Amino acid sequence: MEGRLRRLTVYRIFLLILLAVVVYFLVDGFELLFETPGSGFRLHDLKGDGWIGYRLGYAGAVMLVVAQAYLFRPGLLTKLTWLETHCYLTTAGGILILVHSGFPFSFGYWNPFERIYPWLGLYGLVGVQGLAAWLVIVLIASGIFGRYIYGRVRWARAFKRWHSVHSIFSGFLYVTGIIHLLLAVSLRYVAAA
Ligand code: HEM
Ligand code: HEM
């Protein structure tokens, strides 16, 4: 029991460090929010490199980051209220991010591994943004299931396993998100459509 608790604490610290890196890139990309919006509206504007899409991705990411306050559950709210906040914010933020990614009509990453070429160096990793979008979907689906079995005695063992899987997938989302932010926001690298 003590070993599990220690592993969980170490993992939470790891997630917090990744979260701090995400926040760093969000601060870096803040000024782009104030670039003059394009005139008129095309559906493509909803995607990451469009003037609306950029803002959607930004807002969605901020919501995901705030939802991670659940990791330390500050005394401000009860544990259950924090959990509900976590669920609603991640679901709503996730939807904004999926629109930003081109879902459902213009999503270019149906095979999440197809456009990732690590042997081409950092820029070969731009396709990781598609994998990140899939991880958002997986995490929302996983979260809904987890919320259902949360606190149910009959599911207690399954919940422990679920918790590890949900947390590990979160770690993958943080890492893929950081790669995406580094390329698209700090280096302003836009993948060819
Ligand atoms: C978990 C969060 C995020 C995911 C899953 C994600 C996913 C994606 C995907 C799949 C695309 C490609 C869309 C297309 O095919 O045109 C994209 C593009 C883009 N995203 Fe994000 N995004 C996230 C967060 C953000 C944030 C927070 C920002 C800005 C601060 C951002 C900035 C951009 C930019 C500038 C592009 C255009 C670059 C390109 O098309 O290669 N993204 N994003
Ligand atoms: C991008 C989406 C999501 C991310 C990155 C994420 C991340 C996390 C993380 C890191 C934890 C572990 C917290 C801890 O160890 O204290 C967690 C726990 C949890 N999440 Fe999520 N989550 C997401 C979506 C959701 C959604 C949509 C729901 C519900 C509908 C949800 C329900 C839960 C539940 C029930 C727990 C366990 C709470 C506990 O053990 O006290 N998650 N989530």
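Here are some questions and answers on a predicted model, covering its confidence, its helix packing and its ligand shells.

Residues are numbered from 1 along each chain as its sequence is written, while chains are lettered from A and ligands numbered from 1 in the order in which they are written. In this predicted model, local features need pLDDT of at least 70 and side-chain atom pairs count only at pLDDT 80 or more, whereas totals for chains, interfaces and linings use all residues.

User: Which element of the protein chain has the highest mean pLDDT?
Analyst: pLDDT is the predictor's confidence in each residue, from 0 to 100, and the chain has a mean of 93, with 98% of its residues at 70 or more. Elements here are DSSP runs numbered from the N terminus: helices (H or I, at least four residues) and strands (E, at least two). The lowest mean, 91, belongs to α1, and the highest, 98, belongs to α4.

User: Are α2 and α3 roughly parallel or roughly antiparallel?
Analyst: Axes are lines fitted to C-alpha atoms, for helices over the stretch in contact, and angles run from 0 to 180 degrees between N-to-C directions. The two axes come within 8 Å and cross at roughly 160 degrees. Angles under 35 degrees count as roughly parallel, over 145 as roughly antiparallel, 65 to 115 as roughly perpendicular and the rest as oblique. So α2 and α3 are roughly antiparallel.

User: Which residues come nearest to ligand 1?
Analyst: A residue is near a molecule or strand if its C-beta atom, placed from the backbone, lies within 6 Å of it. The shell divides into 14 nonpolar, eleven polar and two charged residues. Of the 27 residues around ligand 1, the nearest are Gly-48, Gly-57, Ala-61, Ser-101 and Ala-191.

User: Which element gives the most to the shell around ligand 2?
Analyst: At least two residues of this shell come from each of α1, α3, α4 and α5. By class, the shell has twelve nonpolar, ten polar and two charged residues. With seven residues, the element that gives the most is α4.

Key
Nonpolar A, V, L, I, M, F, W, Y, C, P; charged D, E, K, R; others polar.
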